[in-house]
Amino acid sequence: MKPVTSEHLSEEALDDVLIGLGSPEAEAHLAVCELCRHQIKGFQSGVGAFNQASLAWSESKPRTSLQLPAAKAGPAWIPQLTWAMGAVVLLLIGASVWNHNPAVVPENPAVALVQADSETQIAEDNDLLKSINAALSESEASPVQQYGLSDQPRPHRRARRESRSR
Amino acid sequence: MATCLPSTLDLGMVPLGETNSIVMEKPRVHTELDDIDSLAHTYRARLVRFVTYSTGDPDLAETIAQDTLLRAYNGRETFRGECSINTWLTGIAVNVTRDHLRTERYKFWKQVKTRGIDVQEVASFLAADASSPEDHVLAREKVKRVSQVLETLSHNQRTVFLLKFSEDLSVNEISEVLGMSINTVRTHIHRALKVMRSELGAEI
């Protein structure tokens with residue numbers, strides 16, 4: 001069993017008492033031996049003081065508020081479903097863009113009105129462009145004509161000298 | 001042996017071995033675990049103290065304590081009352097700490113950081129009670145000496161010592177929490193006490 005010396009508890013026996021595993025013999029010895037009891041109490045008071053001070057120190061440390069998750073997450077399949085729905089929406093948008101035919105007159109009156117406005121606008125723009133072209137094409141005095149310049153090729157250099165010598 | 005420790009898988013932690021498996025039979029009733037503020041108010045300081053002295057890192061202790069409380073709250077359905085809440089929380093804290101100490105980031109910062117436990121500061125928190133000024137001074141000196149000797153112990157010896165004498169866990173509970181055999185736990189306790197005795201002598 002636990003080694004108990006003839007006079008006092010051994011270190012191992014004292015340790016067993018401290019950790020709550022003391023033998024009945026050791027407990028009986030402690031009941032009559034003041035020295036061994038003093039050792040036990042000395043340890044307990046020292047550790048007790050340490051526990052008290054260290055706990056008070058821990059309590060004095062600033063406490064950060066705990067951040068709980070905002071809400072409990074739903075079933076695990078919800079994120080996958082969300083992604084799947086998003087993918088379907090993107091596919092539908094892609095398909096509609098791919099199959100878009102501008103010649104088709106939309107049935108929606110609002111769309112038709114917008115398109116009619118656009119055609120009207122285009123016609124007006126075309127008229128404007130035509131008038132600009134007409135204005136630009138009108139016979140305006142060309143600098144060639146204005147200054148009496150000839151657009152004919154220049155005469156030969158020799159002919160020019162002859163004409164000067166005359 | 002019935003166990004009360006949380007499943008690491010339920011709490012999103014790295015499995016540490018067979019000792020973390022759980023036997024859950026009793027239905028859970030409403031407990032203080034359902035109120036995280038009350039939980040923190042009651043147990044935060046103990047967790048901070050345990051992790052501070054177990055790791056020697058006061059800054060880490062606050063983070064571990066918060067993580068422990070959040071994991072306990074989120075996994076409260078797994079608590080079946082087969083041990084005290086304090087024991088259950090301590091078990092979670094041990095696992096969270098172990099995971100944290102494994103990370104490379106912690107190893108890096110541990111090398112950089114020099115701030116440890118200020119034993120003088122801790123001792124100053126000892127309440128005067130009704131003892132005489134001389135007794136109070138002696139008690140404060142004991143607090144400092146115990147703190148200093150704790151730092152000289154190995155991590156396992158220190159953790160076992162704290163679980164036994166500060167957290168008041170039984171040897172069986174410590175065995176469960178740390179995943180050690182009962183004999184190993186007792187060996188660590190004996191060695192820690194031997195160091196305490198040799199270092200503190202007649203002071204303790």
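## An all-helix view of chain B and chain A

D168(B) counts as exposed because its relative accessibility is 62% (buried means under 20% relative accessible area, exposed over 50% and partly exposed in between, with a 1.4 Å probe and protein chains only). The model is predicted, so that local features need a pLDDT of at least 70 and side-chain atom pairs a pLDDT of 80 or more, while totals for chains, interfaces and linings use all residues. Residues are numbered from 1 along each chain as its sequence is written, chains are lettered from A and ligands numbered from 1 in the order in which they are written, and side-chain values use heavy atoms, without hydrogens and water.

### The two chains

Chain B has 9 helices and 0 strands (helices are DSSP runs of H or I of at least four residues, strands are runs of E of at least two, and both are numbered from the N terminus). From the N terminus on, its elements run α-α-α-α-α-α-α-α-α. Chain B has 204 residues, and 50% of them are buried. Of its contacts between residues at least 6 apart in sequence, 67% join residues at least 24 apart (a contact means heavy atoms within 4.5 Å).

Chain A comes to 7 helices and 0 strands, in the pattern α-α-α-α-α-α-α along the sequence. Of its 166 residues, 17% count as buried. Among contacts in chain A between residues at least 6 apart in sequence, 24% link residues at least 24 apart.

### Helices α2 and α3 of chain B

Two packed helices are described by the angle between their axes and the distance between the axes. In chain B, helix α2 (residues 58–74) packs on helix α3 (residues 85–102) at an angle of about 125°, and their axes are 9 Å apart (axes are lines fitted to C-alpha atoms, for helices over the stretch in contact, and angles between N-to-C directions run from 0 to 180 degrees). This angle is why α2(B) is oblique to α3(B) (under 35 degrees is roughly parallel, over 145 roughly antiparallel, 65 to 115 roughly perpendicular and the rest oblique).

On the α2(B) side the contact is made by L60(B), I64(B), D67(B), T68(B), L69(B), R71(B) and A72(B). Residues of α3(B) in the contact include W88(B), L89(B), I92(B), A93(B), V96(B) and T97(B). By class, this contact holds 10 nonpolar, 3 polar and 3 charged residues (Ala, Val, Leu, Ile, Met, Phe, Trp, Tyr, Cys and Pro are nonpolar, Asp, Glu, Lys and Arg charged, and the others, Gly among them, polar).

D67(B) belongs to helix α2 of chain B. It counts as partly exposed because its relative accessibility is 27%. Between D67(B) and T97(B) there are 9.6 Å in space, C-alpha to C-alpha, and the two are 30 residues apart in sequence.

### Aromatic rings

Over all chains, the whole structure contains 5 aromatic pairs (rings of Phe, Tyr and Trp, the latter by its six-membered ring, pair if their centres lie within 6.5 Å; planes under 30 degrees apart are stacked, over 60 edge-to-face and the rest tilted). Two of the pairs are tabulated here.

| Ring pair | Centre to centre | Angle between planes | Class |
|---|---|---|---|
| F79(B) and W88(B) | 5.0 Å | 55° | tilted |
| F161(B) and F165(B) | 4.8 Å | 50° | tilted |

F79(B) and W88(B) are both buried. W88(B) is also one of the α3(B) residues in the contact with α2(B).

F161(B) and F165(B) both lie in helix α7 (residues 155–165) of chain B, 4 residues apart, which is about one turn of the helix. F161(B) is buried because its relative accessibility is 0%. F165(B) is buried too, with a relative accessible area of 13%.

### Helices α7 and α8 of chain B

The axes of α7(B) and helix α8 (residues 171–178) of chain B cross at roughly 135° and come within 10 Å. Therefore α7(B) is oblique to α8(B). Which hand does the crossing of α7(B) and α8(B) have? α7(B) passes α8(B) in a right-handed crossing.

From α7(B), the residues T159(B), V160(B), L163(B) and K164(B) meet I174(B), V177(B) and L178(B) of α8(B). The classes in this contact are 5 nonpolar, 1 polar and 1 charged.

D168(B) sits in the loop between α7 and α8 of chain B. It is not a glycine, yet its phi is positive, at about 60°.

Key. Left-handed = near helix turned anticlockwise from the far one by under 90°.
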